[in-house]
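Open the model in your viewer and keep the selection panel at hand. Each stop below says what to select and what is there.

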There are 2 protein chains.
Amino acid sequence: MYEVLRDQIPALKNKIYFNYGGQGPLPKSSLEAIIKSWEIIQDIGPFTNNVWTYINKEIISTKLLLSKVLGVDIKNLALSENISTGIILPLWGIKFSSTDELIISDCEHPGIVAACRELCQRNNLKFIILPLQKLKILDNKSFITEIFKYINKNTKVIIISHVLWNFGFKVPLKELRQEINRLKTVPYLIVDGAQSFGHIDINEEVLDSDVYAVTSHKWACGPEGLGAFFVSDKFINESNPTIIGWKSLKREQGIYEPFNDLYQEDARKFEIATSCIPLLSGLRQSLSLLEIDKFNEHRQSSITSLSNKLWLALDDLNSINLILNYPLNNGIVSFDIEKLTNKNILINELGKKNIWIRVVEDPKWFRVCIHQMTSTKDVNLLVDQIKVLI
Amino acid sequence: MYEVLRDQIPALKNKIYFNYGGQGPLPKSSLEAIIKSWEIIQDIGPFTNNVWTYINKEIISTKLLLSKVLGVDIKNLALSENISTGIILPLWGIKFSSTDELIISDCEHPGIVAACRELCQRNNLKFIILPLQKLKILDNKSFITEIFKYINKNTKVIIISHVLWNFGFKVPLKELRQEINRLKTVPYLIVDGAQSFGHIDINEEVLDSDVYAVTSHKWACGPEGLGAFFVSDKFINESNPTIIGWKSLKREQGIYEPFNDLYQEDARKFEIATSCIPLLSGLRQSLSLLEIDKFNEHRQSSITSLSNKLWLALDDLNSINLILNYPLNNGIVSFDIEKLTNKNILINELGKKNIWIRVVEDPKWFRVCIHQMTSTKDVNLLVDQIKVLI
């Protein structure tokens with residue numbers, strides 16, 4: 001399967017690529033779909049009565065496809081520019097009171113962390129770190145036990161990635177939802193889907209969140225500058241939009257008309273204004289080419305068989321410290337080489353051989369992403385080069 | 001000049017187009033530049049050490065070109081997705097107190113109006129409407145007199161378009177700045193450049209604002225989904241970012257490190273996260289093709305001679321009520337036909353002849369945009385058809 005796909009992805013022709021969690025390569029046909037969409041908009045528009053039917057069709061067909069992958073209703077989906085906007089924008093719409101507390105794991109992206117700190121400072125919220133990095137065993141049970149040490153009656157928001165970007169651990173959203181639903185006041189569960197969407201099947205778990213943000217440009221191999229987020233009915237009803245534009249509004253009303261009943265009643269209230277419509281067809285093409293819209297047992301098993309193969313090969317090397325225990329259940333393989341104080345030297349040396357893995361920032365260690373396009377040969381080459389270089 | 005340009009703009013080949021203020025048509029060479037940029041990113045990236053040099057070069061060369069058009073320093077420029085984000089995002093970063101007042105003109109876009117109402121409700125600010133629609137004479141003097149009826153010691157923010165989207169009137173920013181600088185507490189001046197950037201020369205007036213937001217996809221004829229905004233040094237120093245991502249940060253620090261001195265010290269603190277880099281080359285190409293980066297007397301005079309020609313021709317028709325007095329100083333021609341209660345009928349009938357003008361929402365009347373690509377023949381055709389249809 002991977003050969004057919006690789007042939008359609010120009011970026012994979014001249015490199016051995018393991019950075020799908022940073023940015024996925026764009027298939028040729030996805031770029032072609034984007035260009036075609038631009039040409040159509042210019043042919044019938046760009047700002048004519050005729051163009052709106054096309055633009056609406058583009059938006060609706062993209063949301064329909066996303067609703068299938070995410071297992072949610074189209075009315076709960078908003079489009080965005082990236083994950084940060086998809087998480088932080090709804091967060092600012094929550095009606096906080098001064099005793100509220102926010103829990104964020106210590107395995108979140110630094111941008112999200114900084115945004116939450118700013119939110120807490122301005123709203124006098126308690127900023128509580130859920131310490132996962134230090135756990136001796138990171139599994140579903142220890143995760144639930146740990147997080148419940150920090151949840152209390154003032155917990156208003158929990159922020160967690162579905163797949164932790166540094167560890168690759170998949171957080172048990174369903175169990176977490178079941179547990180928090182027993183609380184008297186149920187906190188909002190806000191989930192970063194950066195490392196899950198396009199990588200693992202998520203359509204039975206998104207509904208367990210209140211906000212779930214994804215991006216086109218990582219594992220889904222779509223264009224950059226396009227994201228989407230799910231918002232639960234509860235969240236839509238209880239919160240307000242913050243960065244508002246014409247897309248947030250039911251209609252463009254006059255300034256002298258009363259300001260009420262103005263926002264869209266669905267997730268569109270969190271959309272802002274003009275965005276790049278041609279990107280939508282590119283994302284749809286990538287999702288369809290990679291068959292991310294279908295449950296695909298073969299895809300999942302080919303990813304995990306290779307990630308576990310890599311795990312075993314690295315485990316044979318003395319100085320490598322693998323972060324998660326065998327067997328892995330997805331394509332992220334994280335490891336550290338303690339004796340390397342400057343981790344970037346290894347990245348650069350591998351890069352000279354056109355092999356690309358990355359260092360994550362917090363904690364500083366290595367991350368390899370295995371996708372359905374990755375081959376056994378790629379994995380062998382990586383292991384051989386690491387052996388040579390350390 | 002216009003023939004050479006039109007030949008390079010596919011959207012103009014099959015229609016008579018007057019909606020530059022809604023969305024400008026994308027030149028063929030701008031789409032080609034976008035595609036080329038995507039191909040380069042895929043060739044050397046998408047997520048490799050090598051790609052960052054290219055991405056940084058794209059960002060810096062775009063900001064350099066914009067800094068020339070806007071007449072500001074590159075450190076005061078942030079990139080965004082659209083105008084609404086460029087205006088509303090910095091606005092949420094202002095440190096308000098409960099006696100503060102916000103003044104907004106009644107000639108602003110409904111999306112901006114709704115966002116300001118939400119901001120005022122949440123921060124208990126007084127929302128004050130500057131009534132320009134009802135002014136019998138709208139000129140520089142009457143504008144300054146009118147706005148100073150509403151400014152007082154509590155005025156914290158003034159929100160105004162540089163060129164009013166419904167009237168086409170150009171607000172005297174320089175005079176306004178001079179006057180407000182005499183106040184004891186100087187309010188922030190936040191300017192919507194939707195109808196100015198790419199249309200009129202603005203490089204001597206942007207510096208008179210605290211925030212000035214522009215978009216690629218209107219008069220500049222660049223791609224949709226890309227905007228930029230100027231923020232003054234004062235604004236950068238006195239306000240905080242709200243929707244934060246990795247671009248807002250100096251470095252991606254660990255969650256256990258102290259949270260201070262974290263934001264970029266220039267306008268980048270208001271940028272968020274991953275955006276669509278290939279759009280940048282498209283905007284640069286459009287700016288360069290239309291020579292928007294140069295002061296171009298011929299461009300300005302060809303636009304105003306045609307807009308005034310249209311004004312005179314419409315003035316000859318009985319039932320047409322022109323909004324501004326002759327002579328116009330830019331390409332926006334606004335008029336009403338009172339006897340037409342359903343304004344969209346005229347839009348649709350003109351559309352059937354492939355002539356595209358629009359109805360603005362507040363007040364409901366017609367708007368025609370004349371750009372440097374517009375020909376005398378276009379204007380004559382429009383006038384002839386309006387004569388037939390009313």
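In which helix do Arg122(A) and Glu118(A) both lie, and how many residues apart are they? Both lie in helix H5 of chain A, residues 110-123. They are 4 residues apart, about one turn of the helix. Helices here are DSSP runs of H or I with at least four residues, strands are runs of E with at least two, and both are numbered from the N terminus.

Before moving on, note the conventions. This is a predicted model, in which local features need pLDDT of at least 70 and side-chain atom pairs count only at pLDDT 80 or more, while totals for chains, interfaces and linings use all residues. Residues are numbered from 1 along each chain as its sequence is written, chains are lettered from A and ligands numbered from 1 in the order in which they are written, and side-chain values use heavy atoms, with hydrogens and water left out.

Show the side chains of Arg122(A) and Glu118(A). They form a salt bridge, at 3.0 Å from N to O. The term requires a side-chain nitrogen of Lys or Arg within 4 Å of a carboxyl oxygen of Asp or Glu. Over all chains, the structure holds 38 salt bridges.

**Select the interface of chains A and B.** The rule finds 0 salt bridges across it. Contact involves 85 residues of chain A and 85 residues of chain B, where contact means heavy atoms within 4.5 Å. About 7000 Å² is buried between the two chains, and carbon and sulfur atoms give 61% of that area. Buried area is the accessible area (1.4 Å probe) that two parts lose on being put together, summed over both. Now pick Trp38(A), Phe47(A) and Ile255(A). In chain A these lose the most area to chain B, together 11% of what that side buries.

**Select H10(A), residues 297-315, and H12(A), residues 376-389.** Their axes come within 10 Å and cross at roughly 20°. Axes are lines fitted to C-alpha atoms, for helices over the stretch in contact, and angles run from 0 to 180 degrees between N-to-C directions. H10(A) and H12(A) are therefore roughly parallel, a label for angles under 35 degrees. Their crossing is right-handed: the near helix is turned clockwise from the far one by less than a right angle. From H10(A), the contact residues include Leu306(A), Leu310(A) and Leu314(A). From H12(A), they include Val379(A), Val383(A) and Ile386(A). By class, this contact has 8 nonpolar, 2 polar and 1 charged residues. Ala, Val, Leu, Ile, Met, Phe, Trp, Tyr, Cys and Pro count as nonpolar, Asp, Glu, Lys and Arg as charged, and the others, Gly among them, as polar.

**Switch to chain B: H3(B), residues 51-70, and H9(B), residues 278-289.** The axes come within 10 Å and cross at roughly 30°. That makes H3(B) roughly parallel to H9(B). This crossing is left-handed. Among the residues that meet are Ile59(B) and Leu66(B) in H3(B), with Leu283(B) and Leu287(B) in H9(B). The contact divides into 6 nonpolar, 3 polar and 2 charged residues.

**Finish on the backbone of chain A.** Go to Tyr326(A) and Pro327(A). A cis peptide bond joins them, with omega about -5°. Pro327(A) lies in the loop between strands E9 (321-322) and E10 (332-336). Next, Asp362(A) to Pro363(A): this peptide bond is cis, with omega near -5°. Pro363(A) sits in the loop between strands E12 (358-361) and E13 (364-369). Last, select Cys221(A). Its phi is near 60°, a positive value in a residue other than glycine. Cys221(A) is in the loop between strands E7 (211-215) and E8 (227-231).

Key. Parallel < 35°, antiparallel > 145°, perpendicular 65-115°, else oblique.
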